[in-house]
There are 2 protein chains.
Amino acid sequence: MGYPALLLSLLVFLAPGTCIDPRRVLRTLSSLHLPTNPASRSSVAKNYSVFYFQQKVDHFGFNNMKTFKQRYLLADKHWDKDGGSILFYTGNEGDIVWFCNNTGFMWDVAEELKAMLVFAEHRYYGESLPFGNNSFQDGRHLNFLTSEQALADFVELIKHLKRTIPGAEDQPVIAIGGSYGGMLAAWFRMKYPHIVVGALAASAPIWQFEDFVPCDTFMKIVTTDFKKSGSNCSVTILRSWDAINRLSSTGSGLQWLAQTLHLCSPLTFEDIPNLKEWIMETWVNLAMVNYPYASNFLQPLPAWPIKVVCQYLINPSVPDSMLIQNIFQALNVYYNYSGQAKCLNISETATKNLGSLGWSYQACTEMVMPFCTNGIDDMFEPHQWNLKKYSDECFKQWGVRPRPSWIITMYGGKNIKSHSNIIFSNGDLDPWSGGGVTKDITDTLVAVTIKEGAHHLDLRANNPLDPTSVLLARALEIEHMKRWIKDFHDNVRRQS
Amino acid sequence: MGYPALLLSLLVFLAPGTCIDPRRVLRTLSSLHLPTNPASRSSVAKNYSVFYFQQKVDHFGFNNMKTFKQRYLLADKHWDKDGGSILFYTGNEGDIVWFCNNTGFMWDVAEELKAMLVFAEHRYYGESLPFGNNSFQDGRHLNFLTSEQALADFVELIKHLKRTIPGAEDQPVIAIGGSYGGMLAAWFRMKYPHIVVGALAASAPIWQFEDFVPCDTFMKIVTTDFKKSGSNCSVTILRSWDAINRLSSTGSGLQWLAQTLHLCSPLTFEDIPNLKEWIMETWVNLAMVNYPYASNFLQPLPAWPIKVVCQYLINPSVPDSMLIQNIFQALNVYYNYSGQAKCLNISETATKNLGSLGWSYQACTEMVMPFCTNGIDDMFEPHQWNLKKYSDECFKQWGVRPRPSWIITMYGGKNIKSHSNIIFSNGDLDPWSGGGVTKDITDTLVAVTIKEGAHHLDLRANNPLDPTSVLLARALEIEHMKRWIKDFHDNVRRQS
């Protein structure tokens, strides 16, 4: 899911009383695509075919008979019609081609599991727009953007594949997804166990709702990542907010700030909340993509990027001006590692993909994740979670109000032990792990922990620099999947 | 569910080319209420309170913020806040007060299970009308009449009860329902195992969809009931159709028919399909309520009513006129056992309840149950199942088209073994048992068979004339429910 949910929340609690800024939302959401990482790209060639499947716009009512084309990608090079399997990527909030190219794990295991790979695009993202360019026009058009409709799309798509591809019918399907897609994979198995034999839910914060997790957990983990990556690193960041506040209190200070941070546009006092939010977002991003090898997110990044960033943030007790210069050096690692950027743009949008608005709607309806900071246990300015304000902002932007408890009502919250065959994997470095399942619930609802892992590291392609913890995690995941596949085929044999 | 789904289907295949007759639909649907049976009324006093809960009209979208009042009944005389339970009746297609008064089983077991009883009305029935008198106006207003929305109502209602009734939170909830309500109870457990610890699904034909069951199964069971209840009974009925066809071919024959059958209105040739359908419906009704003691359905009935009816149908080889006179005697048992009726009305509607239109909409959307007859293995004129025609009729009446595979897609069809804690009970005499689960699927998905049982006899109140098979069934059901309750409380204790 990337951090859009977070950022939308932050937007609300960072800039109380202001509207959700569509520019920021756009920029924010643009970055939700998984990092492209040339260095880590699997040697496995990613040859897939692109298809479209006609889906009902509304699975849960009969009055609206409209349909739309859902895009999906299919790769069957290693698929064995007898005794093989189908790995089904439960697409999340973005272009499915990005996800396909960045989920190297599925490509890496295809041969071993004799698997057909299917990557299904989530409705309202990429090319799968229920109402074309009007999809985001208003609440009426967005009404069908829910996790339930997306899961129903997946079900109908799988039924279609089983009907139309000879040999597919007698094959076990395994749902695989990361982040919000990991939540979808888990929920898919919970709600449709007759369709998928199991699910790999990577970095899926299914408990980042209501009060299942303290609202400050997420930012505490971000802070810990910085604390562990360099002496005084988190303290320096913590002190930077006041430095910015002080410097921005005068016109000359604002001018100096803009210059020192190499911003593309001058700063006004009103921009300061946005500036701080943009910086905060950078630290959050870094925590999510703190991978053990060089990767490419919005910008190319070195291995263990937080360590590199923290090299500039070792001294919290310098004057404000020096502190901000150091902050700039740190930001510059993230925004200008390639050295190509002429200036840093705090309202930059990295993609024009309309679909990226989708998550901000989802965060305003089903995906209500409370976040907060206190400036003591974390390195951020204190901000409380304010549902009322959040709801009002959502109503202003989309004409809808969130239902904070709906996801728990629908998918069970912590009371899920009657389900089976779900792997919940989480990286200890990943801020989203705080809302994830990190302890086994039953023998078949298992938690896999990746000590050196950031956001769904396990779904990325094999890399020579992979730490042992992720190799072990993947091995465990494959073991479970093999068992599900075997159980399925044993069952088929027993029945025939 | 009664037989409305059947009758709607029959309407289509019996009178090809004609519209669905709203009068007939009304009459048909009116009879779906469970039989009132003064003789069998439990000695347990049925004291309940009536409440209303504000439900969202659309649980699955955020654009429509409308709400409506769902009615529910609550009885807590025997409820124990510590170590007790909540028995939740998943209301089906009718007025919840009727169901409450006719589900004596729940009242009979309340004390033993220290249970609070909740009877939740199904949306679009009784008083629970999402748009008041406009609820059935058109497809737009009916759009929220689905099993998924009904289940979501139940979930939200239970969450509400747990929030607001001190002691309810730590109580296991068991879903109980019969017929369509039994399907809802089973699906409730499948989709929301975090809300209900188990389900008693009485006479729930969850496989009466697509081709899971041959379409002639239902009418074959009806026929068997008549065959076993009297010598030549089913053969006599089989011959009656041709006798009617022959007699109705002349004006004087039509007049004689109307007179002999004591119909309230004269017959035209165009009425003959309706007449035959009305008679067929009578035989189906009788099969459903073929209870071992006197009961009161649309009209009061004697014990084992088919046996009584069959006393008049022992000779198939008499002339047409004699045959029809005998058919009249048989019909008269059903329509005039009390001797009060002056004439028989083939388009009679027994209730003016608007809500009763609901099932015909449901049968035209989700609840597509294929029925057929062949006149060889059953005692009816041959009629094929014709989905195209069925769909066209639905489109004419409601502006919607059925999705025949949706229920299976949603709820899993025969592939449900990963679920748990559901009792499927079926009576061998009940035509709906053909589409039900009559063999254990796993240790916790169990089938209970009632040899002498018609439609959900087990849910009716204790009666001195209850056959051993239903006493055993109820004992088994109670045993399972006690185990679910114990498991729940053991778990709570273990966690605290």
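In chain A of this predicted model, the axes of helix H10 (residues 251–260) and helix H13 (residues 320–335) come within 10 Å and cross at roughly 30°. That makes H10(A) roughly parallel to H13(A), a term for angles under 35 degrees. Helices are DSSP runs (H or I, at least four residues) numbered from the N terminus, and axes are lines fitted to C-alpha atoms over the stretch in contact, with angles from 0 to 180 degrees between N-to-C directions.

**H10(A) and H13(A)**
- The crossing is right-handed, that is, the near helix is turned clockwise from the far one by less than a right angle.
- Trp256(A), Leu257(A) and Thr260(A) of H10(A) make the contact (heavy atoms within 4.5 Å) with Ser321(A), Ile324(A), Gln325(A) and Phe328(A) of H13(A).

**H8(A) and H11(A)**
- The axes of H8 (residues 217–229) and H11 (residues 272–288) of chain A come within 9 Å and cross at roughly 75°.
- H8(A) and H11(A) are therefore roughly perpendicular to each other (65 to 115 degrees).
- Among the residues in contact are Phe218(A) and Phe226(A) in H8(A), and Trp283(A) and Val284(A) in H11(A).

**Chains A and B**
- Chain B superposes on chain A by a rotation of 180° with 0.0 Å of shift along the axis (RMSD 0.0 Å), fitted by least squares on C-alpha atoms of residues with pLDDT of at least 70 in both.
- That is the relation of a two-fold axis.
- In chain B, the C-alpha of Lys191(B) is nearest the axis, 2.9 Å from it.

**Conventions**
- Residues are numbered from 1 along each chain as its sequence is written, and chains are lettered from A in the order in which they are written.
- Local features need pLDDT of at least 70, and side-chain atom pairs count only at pLDDT 80 or more, while side-chain values use heavy atoms, without hydrogens and water.

Note on methods:
Helix = DSSP H or I, 4+ residues; strand = E, 2+ residues; numbered from the N terminus. Parallel < 35°, antiparallel > 145°, perpendicular 65-115°, else oblique.
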